[in-house]
Amino acid sequence: MAIPASTIRNYAPWGNAQLSFEVGGPVLSTDPTTGNQVQTIECVEYLAALNIQAPAWNGQPGVDNSTYACTGRLLNPPRLDPRITNGSQAEAIINGYHGRFEVVFDLAMDTAVYRDIRQSLQGTFRVIGGPIDG
C-alpha cells in the first residue's frame with residue numbers, strides 16, 4: 001500500500017482501512033510474448049473509515065468465519081473511480097489485518113445527495129493471514 005503516512009495521520013483515528021484496487025489504465029502496451037495489445041494495469045488507492053461487523057458464525061457448518069460485513073465512508077479521495085464497479089475487489093488492510101475487500105454498491109442512496117458528501121462504502125472483508133507487523 002502506498003498511502004502516505006501523513007495522509008493516514010490526517011484522518012486519525014477514523015482512517016482504519018486502506019484499499020488498493022487494480023483497474024485498467026488508459027494506455028495500451030504490447031505483450032512481449034504474444035505481440036498483442038494489452039491494457040495496462042493501474043493501482044488506485046483509498047483511505048476509508050469502515051465499521052466492521054463480526055461474522056455470525058455460531059459454530060454452524062458451512063458458515064465462513066473469516067468474512068466480515070463492512071460499512072462506512074471513503075476519506076481520501078472522497079469518491080470511487082468510475083472504473084471500480086460492483087463486485088470489484090481490493091487488496092486491503094483493515095484494523096491492522098491483511099485481506100481482500102469486495103465492494104457492494106448501495107443502490108438505495110439518492111445520487112443527487114451523494115455528490116455533496118464523501119461516498120458511502122459497503123462490502124465484505126475476508127481476512128487472509130494474521131495481523132500486520134508494527
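Mentor: Let's start with a term: a polar contact is a pair of N or O atoms within 3.5 Å, where one must be able to donate a hydrogen and the other to accept it. Keep in mind that this is a predicted model.

Trainee: What makes the side chains of asparagine 16 and asparagine 95 a polar contact?

Mentor: Their distance is 2.9 Å, and the cut-off is 3.5 Å, so the pair qualifies. The side chain of asparagine 16 also has a polar atom 2.8 Å from the backbone oxygen of leucine 50.

Trainee: Where is asparagine 16 found, and which residues does asparagine 16 touch beyond four places away in sequence?

Mentor: Asparagine 16 sits in the loop between α1 (5-10) and β1. Its contacts are Ala48, Ala49, Leu50, Ile93, Ile94 and Asn95.

Trainee: Why is the joining of the side chains of glutamate 45 and serine 20 called a polar contact?

Mentor: The value is 3.5 Å, and "within 3.5 Å" is the limit, so this pair counts too. The C-alpha atoms of glutamate 45 and serine 20 are separated by 4.4 Å, although the two residues are 25 residues apart along the chain. The side chain of glutamate 45 also places a polar atom 3.2 Å from the backbone nitrogen of isoleucine 3.

Trainee: Is glutamate 45 buried or exposed, or does it count as something in between?

Mentor: Glutamate 45, which lies in strand β2, has 22% relative accessibility. Buried means under 20% and exposed means over 50%, so glutamate 45 counts as partly exposed.

Trainee: What makes β2 and β3 a pair of strands?

Mentor: Two strands pair if there are at least two bridges between them. Strand β2 (residues 37-53) and strand β3 (residues 67-76) have seven bridges, so they pair, in the antiparallel sense. One of the bridges links alanine 48 with leucine 74 in β3.

Trainee: How many bridges join β3 to strand β6?

Mentor: Seven, so β3 and β6 (residues 120-131) also pair, and they run antiparallel. Here threonine 67 has arginine 126 in β6 as its bridge partner. For orientation, the protein chain has two helices and six strands, in the order α-β-β-β-β-β-α-β from the N terminus.

Trainee: What is in the largest nonpolar core?

Mentor: That core has 19 residues, and Leu19, Phe21, Tyr46, Leu50, Ile94, Phe101 and Leu121 have the most contacts inside it. Two or more residues come from each of β1 (17-30), β2, β3, β4 (89-94), β5 (97-103) and β6. Membership requires a buried residue, so Phe21 and Tyr46 each have under 20% relative accessible area. Beyond four places away in sequence, phenylalanine 21 touches residues including Val44, Tyr46, Leu80, Ile84 and Val103.

Trainee: What share of the protein chain counts as buried?

Mentor: Of its 134 residues, 28% are buried. The chain exposes about 8400 Å², with carbon and sulfur atoms supplying 52% of it. Among contacts with a separation of 6 or more, 60% involve residues 24 or more positions apart.

Notes. Residues are numbered from 1 along each chain as its sequence is written. This is a predicted model: local features need pLDDT of at least 70, side-chain atom pairs count only at pLDDT 80 or more; totals for chains, interfaces and linings use all residues. Side-chain values use heavy atoms; hydrogens and water are left out. Helices (H or I, at least four residues) and strands (E, at least two) are DSSP runs, numbered from the N terminus. Buried means under 20% relative accessible area, exposed over 50%, partly exposed in between (1.4 Å probe, protein chains only). Contact means heavy atoms within 4.5 Å. Accessible areas come from the Shrake-Rupley method with a 1.4 Å probe; for residues, only the protein chains shown count as cover. A nonpolar core is a set of buried Ala, Val, Leu, Ile, Met, Phe, Trp, Tyr and Cys residues joined through side-chain atoms within 4.5 Å.
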